[in-house]
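Here is a friendly tour of some ring and helix contacts. Have the viewer ready and follow along.

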Amino acid sequence: MQRNIRTWRRDMQMYLARRLNTGWSKPDVLSINISLRCNLTCSMCTTCYDSPELSLEEIKSILDQASVWGVEVFNPLGGEPFMRGDVEDILSYAVRRGFFVSITTNGTLISERRAGRIALIPSDRLHMNISLDGDRKSNDEIRGDGMWERAITGFERIRHADEEAGNTHRKILANTILHARNIDRFEWILDEQEQLGFDGVQILNLFRMQDRSKAESLWFSPSDFSKLEALCHRLIARKKHGGSYSIQNTQEELENIVPYYRDELKPMDAPCWAGWKELYINADGKAIMCDTQLDFLNGSFGNVREQTLRQLWNSSQLQKQRRAVKTCSTPCVQKCYQRGSSDSGSELALDGFRLLKERMQGKLPHLGWQRSKDSILRLELCDVSPCDVEGKNPAQGRWNNLLEGVSHQPTAENWNEFRDQKKIDFGRGFMGRELVKEILDGLLRAKVSFERLCLGWRGDSLLHPEIEPILELCFAMQKKGVFEVLRVESSGMFLRESVARFARRPVQQEWVFHLDGGGHHLLEQHQGHHTRIVLKHPIYQGLQPLKLCTQFPNYIPHVGVEPKDASRILCFAPSETMSWVDIRTFGEKYHIPIGLPQKGYCQAPQRGLVVSWDGKITQCERDVQLRNMLNDDARVVEVWKQRYKFIQEAQHSKTPQRPFCQGCSFIRSCSGPNAVSKF
C-alpha cells in the first residue's frame, strides 16, 4: 500500500500513540451500545439484558464531541438497537454530523414506517447488517419460530422504501454464525442470501463462554472437524472468485475457523490495537474495552456522564489497560482490532522519506508529463444539491438534512452569510480544500496530466463554502500543466457575482449549468474568449426542444456528447433508459446534431476517475453508490497508473469485470440494451 501524506500522517500518529502508550491519535471508530435490551432470546447470546440507557441528548452530545474530534465512523450496537423508539433519530443525527454509520439488527422490528424513516437517511452513509443464523429452519431453532420470516420482511421493507425514495443502492449484509446445525446447508444458505438481494455476508463464530450448556448443540464436535475444514476451503475459493455478493471475512479469518473450534488458536502475530482503534461506550455510559480476557465489561475506564471523550481517551485508567493489551497472549480469532497500516515503524519511516522526496521534487521544473487524451478527473466538492438535477433525489435529500433547523431559505445572495455565521454545518458532504490541494499536488509531483478537471458529481459545486479559493487553486495548477481545461458543474442556482468573475480568466474553462437552475445570465456577462457555457436539459416525454432553441438563439443545440468547437451549447441530455435508436430518432426529428461515443466498449476506465468528497475513488460517474470503489484515501496517481488492466477487460469483454458494471445500460456503455452493437 502506497500512502499519501494524509494517510501517512494518520498511520504514523497511531504508531507513535501505541509505541509510547498515549492518546495522541484519535480513534478510528466510535461505538455505542445504544440499548442492551432485545426482543429475542437467542440460545447462544450472553450480551442482552435490561440496563440503564443513555438518553437521546446524551448520545447526541457524544456524537458532537466525536465529530469535532474528527472521528469518521460510528457503530450503534446492542442488544437490539431498534428496541429504542428513537434509533432513527440517532442514525439521522450521526449522518448529519458527518459519520459513516453501520448498524447491526435482527431485522424483526423494522415496520414500514421505520423503513420509510431509514430511507430518509443517505444510503451511502448508512449501511446495515442483519443477523441471520442460517435458513428458516436453523435460524428459527436459535432465534424463535417465525423470526427468519420477520427478519426477511424487515430487509425487504428497507429495500422497497429506498426504491420508493429514489435512493441509490444501500449496502446491506447478513451476519451469519457458522455452527453445527447449519454446516450441511451453509453454502446453500449463502446462495439463498444472494438471491434475496443481500450484498454479502460476515461469517461469525460462536462466542466463547465458560458455560456452554445453553448452546452446546451448536458447537462442533471432533467428528465435525474434517467436514468443517473442507467447507472452509470451499468458502476461501468462493471468496477469491468474487462477485456482487461477497464474503466479508479475510482469508486468514476463514483459515482460523477450524483452529478456533479445536482450541488450537494461538495469539495473534500482529499487534492488537484495542485501546487505540476504537472508543467503546456502554449503554450505561461507561467507557469499556477488552480486558485481555475478552471481557469488555471488566475493562471499564470511566464514564461519559462524568468525563469528556478526550478526557477518557487520555485517562490513566486507559493507559493501564493499553499496557495490558501490549502484552496480551489470549488467543483471539477476530481481526477487528488489527490495524496493519500502522504496525511497522520502518515501513512508515521509508514512506515518510518517499513523500518528503516527492514533495521536494514538486518544486523542480516538470518535463515528460504523462498526458491522456479525453481523460477527466472529477472531484466531488459536495454531495448535496438544492434541486433534483437529473433525478438525483438523494443529493436533494441531503440538502434538506443540511438545512434542518435553518429559519429562512438560503439563496445565492445570502449563502456566504450562512457560511460566515455558521448557520449550517459544513462538516460532512464537502471536500476539504486541503484534500483538493493534496490531490493536485500529487499529480504535479508525478507529472500526470488530465485533459479536464471537473468540479462536480452528485451535488452542486457552487455550494462549497470555499469555492473561490478552490477555483484560484485550480487555475494555478492549470497553469502548471496538471490539466488543460477546468470544468465546473452546478445547478446554477447559487452562482454569485464573485464566482462568475472567474469566467473572465484567459484560460480554458467550461461552466455546465442545469437550464432550470438559472445563473447563466450572470455567467454570460462575464464570459471570456476562453470560456464555454453549456446549458443542460434532460430529455423527457412531452419536451418541446424547438421552443427551447428559440428561447436561447445564441446557443447551439446538441444531443449527447458535447461538441468542442462552440462557446455556448444547449445540450439535451438523454436519460439512462434511452436506447441509441431513441437518441438518434430524437435528434433527426428535431434536426439537432448528435454526439455519440465511437468505441465499441466501455470507456470509463480510460476516460478518468471520480473522487468523492471524502476521498473515495471510482472509475464511473454512474457509480454513485461507490460499489466499484478502487481506493478510499484519494490516491489518484496510484489508481490511475493501474487502469490498464480495466481497459483490457473492457476491450476484451465490452465492460470491466466488476460487480456494478454487469448489465450496465449507461449511455457510454456498450454492454446491455443500449450498446452500439444494437444499432
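The charged end of Arg322 sits over the ring of Trp313, and Arg125 lies over the face of Phe100. Such a charge counts when NZ of Lys or CZ of Arg is within 6 Å of the ring centre and within 35 degrees of the ring normal.

| Charge | Ring | Distance to ring centre |
|---|---|---|
| Arg322 | Trp313 | 4.8 Å |
| Arg125 | Phe100 | 3.7 Å |

A word on the source: this is a predicted model, where local features need pLDDT of at least 70 and side-chain atom pairs count only at pLDDT 80 or more, while totals for chains, interfaces and linings use all residues. Residues are numbered from 1 along each chain as its sequence is written, and side-chain values use heavy atoms, leaving out hydrogens and water.

On to rings: the whole structure holds 15 aromatic pairs (Phe, Tyr or six-membered Trp rings with centres within 6.5 Å; planes under 30 degrees apart are stacked, over 60 edge-to-face, the rest tilted). Trp219 and Tyr261 form an edge-to-face pair, because their planes stand at 75°, with centres 5.3 Å apart. This pair links distant parts of the chain, 42 residues apart. Trp219 is buried at 7% relative accessible area, and Tyr261 is buried at 5% (buried is under 20%, exposed over 50%, partly exposed in between, with a 1.4 Å probe and protein chains only). Ring pairs also join Trp219, Phe220, Tyr260 and Tyr261 into a cluster.

Note on methods. Helix = DSSP H or I, 4+ residues; strand = E, 2+ residues; numbered from the N terminus.
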